[in-house]
Structure formats: C-alpha cells, structure tokens
Amino acid sequence: QSAVNVPRDFEGCSTLRKYFGQLHYLQSRIPMGAEQEAAVPIAWTEIFSGKTVTHEDIKYEQACILYNLGALHSMLGAMDKRVSEEVSCTHFQCAAGAFTYLRDHFPHSYSVDMSHQILNLNINLMLGQAQECLLEKSMLDNRKSFLVARISAQVVDYYKEACRALENSETASLLGKIQKDWKKLVQMKIYYFAAVAHLHMGKQAEEQQKFGERVIYFQSALDKLNEAIKLAKGQPETVQEALRFTMDVIGGKYNSAKKDNDFIYHEAVPALDTLQSVKGAPLVKALPVNPTDPAVTGPDIFAKLVPMAAHEASSLYSEEKAKLLRDVMAKIEAKNEVLDQFMDSMQLDPETVDNLEMYEHIPPILMEKCAALSVRPDTVKNLVQSMQVLSGVFTDVEASLKEIRDLLEEDEAEERKLQELLGKVPPPQGSPPSSSSSSLSPGLAEVSKECSKYMEVHEKASFTNTELHKAMNLHIGNLRLLSGPLEQVRAALPSPTLTEDDKQVLQNLKRILAKVQEMRDQRMSLEQQLREMIQKDDITTSLVTTDRSEMKKLFEEQLKKYDQIKVYLEQNLAAQENVLKALTDANVKYAAVRKALAEVEHKWNTTVQTLVASYEAYEDLMKKSQEGKDFYTDLEGKAAKLLEKARAACQAAEANRQQILEK
C-alpha cells in the first residue's frame, strides 16, 4: 500500500526499492508467475493512455514498481534547485538504472509504456539530463575548454538517441500530441548544446591562436543557436532568457573573432567539415538496481522459506567447491611430494646446517662433569695416591717372593754340594726348585710349593695391575683437564676454521633453506585459508532468489571469490622450481664445507665422549685400585709369613747338613 502511494521524496524511492526487493524474494519461493498455481490478478494504470492493465503475474507488479521508481527519481532530479549538481545527477542516473533494469529483465509486452522504444527514450532522456548537470558544474568550475566541449557533445549524443526513439512510429502513435512537444524540445536541446560545444571549441582555438578555426567554430555555434531559438517558441520565459543570454555571449564572440581575423590575423577560415569532430565524453551511467542488496531492501522477510530446489542447488554448489578444493590440493600434494623427496635426498636440516653455535659453548653433559669435579678438588690426587699405595704393596709382595726363591735356590745349591761330597749323583743343572723338592727337607718342600702358588697368583694379578695403571694413565690427564678452568676445557675441544668464502657459502645456503621454509609455511597458510573460505561459503540465500536458468552463471560468479587465493597458491607452487634450483646450486658449493664441518663435529663428539668416559671411569678406577690394594695387602701378609717360614726351614736344613759333615 505504501509503495502504491509513495511520497514524492527520497523516502518514497527507498520504499519502492524495499518493496521491489521483497517481491523478488517472494516470487523466488511462491509460484506467483504467469500461469502458476498462486498467481493473482495485478492491475495498474498505463501512464499515457490512462487504461487499466491487468496481468496474473507477480513480475508485472515488479515491472510497474520499477517504472515508478525511475519516474520518481526523474521527478526528484528535475525538482532539485541545483544547489548541488551531484544530487540531481545521481537522481537522473538512478532513474536511468531503473529503466535499464526494466528493459533488460522484464517482458516488454506488459503494457505499451514499457515497450523497448519507450524505455530507450526514458534511459537517454535521463542520461542526457545527468550529463547536463555535470556540464553546468564543469562550466562553473572553469574547466578546460576542450573538456567542456566534449561533455556538451555527449549531451547532444544522448538527446539524439532520445530523438530517434521519439521518431519511432509506435512511440509517436502512443504519445500523440506529447510526442511532438517532446521532439521539439529535445531537438531544441540538441541544437543548443551543439552550440555550447562549438562555442568552447572556438575558445580552445583562441587559446591555441588558431584564429581561422576560431571564426568557423563561433559561426557554427551561432548557426546552431539560431536553430535552437526557432525551436524554442512556446517554451517558458526562463528558457527564452537563457537563449538570449547565450546569443549575447556567442554573438559577441563571433563578431569579435571575425573582426580580429579580418583586420589583424588574416587567417584562412576553414570549412567546418574539414575540422575534427568533437567526440563526446560520457561521465554518467545508469546506476544498476540490485534487488537482493540487504542494505536497500532490508532483511528478507521470507528468509525461513527455503525451497527444496535451493537445497539441491546448494548441494551442487558444494560439489563445485569440493571439486575446486580437490584440484588445488592435487597440485599442492604433487609439489609437496617433490619437495619432500628433494629435501630428504639433500639431508639438509636448517637447524644444524652449520652447527657453528655448538662450538661456542661447552656441552651441558661436560659442564655437568666439570661441576661435579669442582666440588671434589682432590679427585686426581686421591687416584694417584691410591695407585701409588697399590704399586708399593705390589713391590713389597714381589720382593718377598723373590727373597723366598733366592733362599730356596741357595738351599738347593748347598744340598747339591753335600750330595756330591757323599758321592751321590747330582740332579740336572738348571732344574727349578720345585722339581728337586724330593731332595729338600719336608719343611722347605712345603715352602717351595706355597711359593709357586703365590708366584702364579702374583703373575696373574700383575697383568691386571699393569692394565689398571694403563687405564689410570689414560684417564688421569682428562680428569686433570675436567678439574681445571673451563677455558682450558673449551680450548681442548676441536672447533672449525672457516674462510670468508666458506661463511658466505653457509649464509647463502641458510638463506635459501629459510626461503624453502617460508614457501612451505605460506603454502600451508593459503591452504588453510582456502579450506576456511570454502567451509564458510553458504550461498543458500542467494540461490533462493535466483532463477534456475541463472544458476550456472551464479555459481561462476560466486566461485570467482576464490580466484585471488588460487593465484597466490599458483605463484607459490610455481616458485618451487626456482627455489629448488637455487638450493641445488648452493648445496654443490656447500659440499666441501659440509665435509670439513662433519670431520670437526666427529672430532668434537669423540673428544666429548672421551672426557665423559674418563669421568665415569674414575669411580671404577678407585674401586679396582682399592680391590688391588686389598688383594696385595693380603698377599703381602701371606708372603711375609712364608718368608719367615722359609728362613726357619733353611736354617734347619743348614744345621742338618753341618751334622752330616761332622759325622
């Protein structure tokens, strides 16, 4: 009801647009079109004939509302006092937009005032008046003469199109007497604005000091103005006054130019058709109507009504999105596979490609050992002392056993002498004491047996003792190092020596590896953005208000929103080949540096492991040293007793021999 009786103001335009939009939402859900189930009769009065026209089609209601929207904008544009040219200009462009949408989207058979010719007439009348507004502004702003001439020439072009529509026989019969009045007014404007265009072309010729051209342009402007004055009979006094003022301006310009050329410049006056024609500069356009713009139509009052067809279309659109994602992911995965294989073959870890920082610090495990030794300052001293005690006991045992052997050998030699005196066959020379134990007294035979046993144990322990000393000598230097200042520990660890060229090679490789990572990160980010966009992309509302025949076009339009991110992804994927080529070149140069660094790293690790092993060996050395001391202390006691026993036995044997000799 509000849309049928709209106020003649901007609020009225807003009401018409809202109603038009809601009708669009309605007809997309309820079958109210021609010959459809819910169609109802809709009646409107034709503007020119006054007849009532009825159609059972909701699109007829929309068409009539759209026509009235264009008409209302044109009225508001004409009513404006031109305080601001932009207001009038916008109204006329909105009017042209309404008539253009009506011409392009609705049947022309609804009524005669919606015929193709009438709508073309309306569109060009609106665009002509909009361009007039800008012409006024450009003249008031003193824009360049050539620009003003082009703007004016475009006004002429719009009105010529309108005049052609007016001259159409169908239009003439429909409009009747109005057609003649309109045609006369439009033709008057054509001549008038052509005169304005040539006036400003003459002014441009004057600025360029082309005085012959100036005369012919002003003369042409005067001729056209005279034609406009003839056609202006019957027009209001304001029009007549404007024409008289323009005649004063153009007449004065022509007379002055002709006089100057005749008496001063004497330039040849060219024929008008030999000069370049003025090409119009269109600065206006039909502002489009968007029936589904929520800012104009307000919220869709039928939003909860979603037809099954819209759900089906939404599923089809989802499949289009899924296809798009599959295509993109196939490209991404293919490139990722190549990248992964390439990086695996290179065996380049950006974090450890040079490891130079590793050599600047003592590793934590070594620091831990240094710290542990720092609170036990006597570690090395204790170990040395322990080994010295062990060596002392070892020496004592060895001396005792040697003395026992010497006593046994001495006793054996004395016994042999006695046997020789007695005429008995001596035993073979060089036999060990144990082999002649039969010639020894029972006491010495027992000593000899025990001595042999102790010697055997001592020899075995001696080997272990020697190994223990070797181990101690191996580790004691490392333990002294770990107990000393940290600077010495740091200095003992190997470190690489790189030339400036080597450093440059490393920097270049790290830079390219960073590029590889940046490319990976960007690719993952873009993929994530694409997935989120697809997940959030719901066009069900648009599908509801779109004709089935327009679905494919809508899908294409909606899928364009992914073009930008697809371009970014394509650029990312395309860059991979160049990045990997650069990485290959950098890796070739890095090979020698890599080998040197690997060797230093191996030495570093070996040194660290050796130092750690020395620390860990300390407790074991101390334990074995103590076990050795305990063993030899025990053995020393036994050897000492055996030595005493040997001495006593030897004395007894010597006494026995003396008795035999005396006898």
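**Entry 1: ground rules.** I am reading a predicted model, in which local features need pLDDT of at least 70 and side-chain atom pairs count only at pLDDT 80 or more, while totals for chains, interfaces and linings use all residues. Residues are numbered from 1 along each chain as its sequence is written, and side-chain values use heavy atoms, with hydrogens and water left out.

**Entry 2: aromatic rings.** I looked up rings of Phe, Tyr and Trp (its six-membered ring), which pair if their centres lie within 6.5 Å, and whose planes count as stacked when under 30 degrees apart, edge-to-face when over 60 and tilted for the rest. By this rule I found 10 aromatic pairs. In one of them, Phe20 and Phe106 have ring centres 6.5 Å apart and planes at 55°, so I noted the pair as tilted. Phe20 sits in helix α1 (residues 10-27) and Phe106 in the loop between α3 (85-105) and α4 (116-140), so that the pair links parts of the chain 86 residues apart; helices here are DSSP runs (H or I, at least four residues), numbered from the N terminus. Both Phe20 and Phe106 are buried, where buried means under 20% relative accessible area, exposed over 50%, and partly exposed in between (1.4 Å probe, protein chains only). I also saw that ring pairs join Phe20, Tyr101 and Phe106 into a cluster.

**Entry 3: the cavity.** Where is empty space left? Rolling a probe the size of a water molecule over the atoms shows this. On a 1 Å grid over the protein atoms alone, a cavity is a set of points where a 1.4 Å probe fits but cannot get out, and lining residues have an atom within 4 Å of a point. Grid points are joined across faces, edges and corners, and a volume is the space filled by probe spheres set on the points. I found one cavity of 30 Å³ or more, and the largest cavity holds about 40 Å³ of space. Its lining consists of Arg17, Phe20, Leu69, Val289, Asn290, Pro291, Val296 and Thr297, with α1 and α10 (294-297) each supplying at least two residues.

**Entry 4: Val296.** Is Val296 buried or partly exposed? With a relative accessible area of 28%, Val296 is partly exposed, and I placed this residue in helix α10. Leaving aside neighbours within four places in sequence, Val296 is in contact (heavy atoms within 4.5 Å) with Arg17 and Lys18. The C-alpha atoms of Val296 and Gly21 are separated by 8.1 Å, although these residues are 275 residues apart along the chain.

Technical notes:
1 Å grid on protein atoms, 1.4 Å probe; cavity = no way out; pocket = protein on both sides within 12 Å on 5 of 7 lines; lining within 4 Å.
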